[in-house]
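This briefing covers one protein model, by topic. Please keep the sequence and the structure in view while reading.

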Amino acid sequence: MSHGIEAFLEHLQVERAVSAHTLDAYRRDLEALRDWAQGQGAGEVAGLDGEALRAFVAAEHRRGLSPKSLQRRLSACRSYYAWLLKNGAIAASPAAGLRAPKAQRRLPQVLDVDEAVRLVEVPTDAPLGLRDRALLELFYSSGLRLSELCALRWRDLQAEEGLVTVLGKGGKQRQVPVGSHARRALGEWRASTGAGADDFVFPGRGGGAIGQRAVQVRIRQLAVRQGLFKHVHPHMLRHSFASHVLESSGDLRGVQELLGHADIATTQIYTHLDFQHLAKVYDAAHPRAKRRKGA
């Protein structure tokens with residue numbers, strides 16, 4: 001079919017430049033819908049109506065799919081039917097108004113400021129110490145995604161301006177500030193390697209980009225070495241960056257731009273991370289909140 005699932009996936013890959021991970025997720029979700037439709041004798045996916053989609057969501061829910069997975073599955077369906085509607089293949093989207101069960105939103109774990117500082121200040125005299133310090137400082141300084149950091153080349157860094165240019169999700173480019181500690185660590189790391197502008201900042205074996213799994217394992221090792229026994233991973237450093245900047249600035253829109261979030265609702269989760277801190281600030285600052293001694 002000219003407007004089948006494969007054509008839609010090709011559109012996502014070519015015209016919207018979605019990541020391979022996102023493309024695989026869309027494929028799995030839409031193939032699940034197709035398999036269900038075939039099992040029900042309901043015909044082609046493009047011809048399903050709202051009642052059939054509701055039956056599909058209900059069947060997946062009975063099968064044990066979590067609310068979060070159902071939301072993702074329904075999101076893929078909405079995108080597919082919106083594309084069909086835009087291309088004149090259907091007269092109305094059967095996914096309009098259809099909602100999945102609400103998922104409980106878990107707050108991301110973060111390091112507190114002292115823990116973050118302890119982690120990034122790894123000794124530089126150890127083997128690969130300069131690289132490790134530069135990698136950790138950059139993660140915490142700029143809140144990069146793991147994929148963004150691994151793909152970084154020296155030409156992407158503007159050290160004098162204190163900026164780094166990264167290519168985020170959907171091929172969207174953004175500039176992010178780089179703090180003074182990170183700039184110094186990166187400068188020392190580059191000086192030790194003599195790397196050129198086109199070289200990867202953090203090369204793996206053979207000079208190519210370092211693997212994402214290698215970075216995950218290394219950060220976990222360094223966290224244990226620094227006495228942190230949380231399950232520390234690259235995204236925790238991104239969460240910590242966002243939480244600490246938002247806590248200090250209160251600028252939600254600015255943090256959204258720094259993180260490269262398309263939807264501010266994604267960023268808003270960081271406003272819920274530190275209620276205890278806010279309570280302490282309130283108790284210390286509000287005239288009616290101060291406790292009298294002996295009261």
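**Strands and overall make-up**

Strand S3 (residues 173-177) runs antiparallel to S2, and five bridges join the two. The model is predicted. In the protein chain, the secondary structure comes to 13 helices and three strands.

**Hairpins**

- S2 and S3 form a hairpin with five residues between the strands. In its turn, Gly170 has a positive phi of about 70°.
- Val166 has Arg174 in S3 as its bridge partner.
- Strand S1 (residues 157-158) is also antiparallel to S2 (residues 163-167), and two bridges join this pair.
- Across from Gln158 stands Leu163, a residue of S2.
- The hairpin of S1 and S2 has four residues between the strands, and Gly162 takes a positive phi near 70° there.

**Packing of H1 and H4**

- Two packed helices are described by the angle between their axes and the distance between the axes.
- For helix H1 (residues 5-14) and H4, the angle is about 95° and the axes are 11 Å apart. Angles of 65 to 115 degrees count as roughly perpendicular, so H1 is roughly perpendicular to H4.
- On the H1 side, the contact is made by Ile5, Ala7, Phe8 and His11. On the H4 side, Ser79, Tyr80 and Trp83 make the contact.

**Aromatic rings**

- How many aromatic pairs does a search of the whole structure find? The search finds six.
- Tyr80 and Trp83 are three residues apart in helix H4 (residues 67-86), so about one helical turn separates them.
- Are Tyr80, Tyr81 and Trp83 buried or exposed? Buried means under 20% relative accessible area. Tyr80 has a relative accessible area of 1%, so Tyr80 is buried. Tyr81 is at 0% relative accessibility and therefore counts as buried. Trp83 has a relative accessible area of 12%, so Trp83 is buried too.
- Ring pairs link Phe8, Tyr26, Tyr80, Tyr81 and Trp83 into a cluster. Of these residues, Phe8, Tyr80 and Trp83 also take part in the contact of H1 with H4.

**Charge over a ring**

- Arg153 has its charged end over the ring of Phe200, at 3.9 Å from the ring centre.

**Contacts of Ala32**

- Helix H2 (residues 20-40) contains Ala32.
- Which residues is Ala32 in contact with, leaving aside its neighbours within four places in sequence? They are Phe56, Glu60 and Arg73.
- Ala32 and Glu60 are 28 residues apart along the chain, and their C-alpha atoms are separated by 9.2 Å.

**Chain totals**

- The protein chain has 295 residues, of which 39% count as buried.
- Contacts between residues at least 6 apart in sequence were also sorted by separation, and 58% of them join residues at least 24 apart.

Methods:
Residues are numbered from 1 along each chain as its sequence is written. This is a predicted model: local features need pLDDT of at least 70, side-chain atom pairs count only at pLDDT 80 or more; totals for chains, interfaces and linings use all residues. Side-chain values use heavy atoms; hydrogens and water are left out. Two strands pair if DSSP finds at least two bridges between them. Rings of Phe, Tyr and Trp (its six-membered ring) pair if their centres lie within 6.5 Å; planes under 30 degrees apart count as stacked, over 60 as edge-to-face and the rest as tilted. Buried means under 20% relative accessible area, exposed over 50%, partly exposed in between (1.4 Å probe, protein chains only). A charge sits over a ring if NZ of Lys or CZ of Arg is within 6 Å of the ring centre and within 35 degrees of the ring normal. Contact means heavy atoms within 4.5 Å. Axes are lines fitted to C-alpha atoms, for helices over the stretch in contact, and angles run from 0 to 180 degrees between N-to-C directions. Angles under 35 degrees count as roughly parallel, over 145 as roughly antiparallel, 65 to 115 as roughly perpendicular and the rest as oblique.
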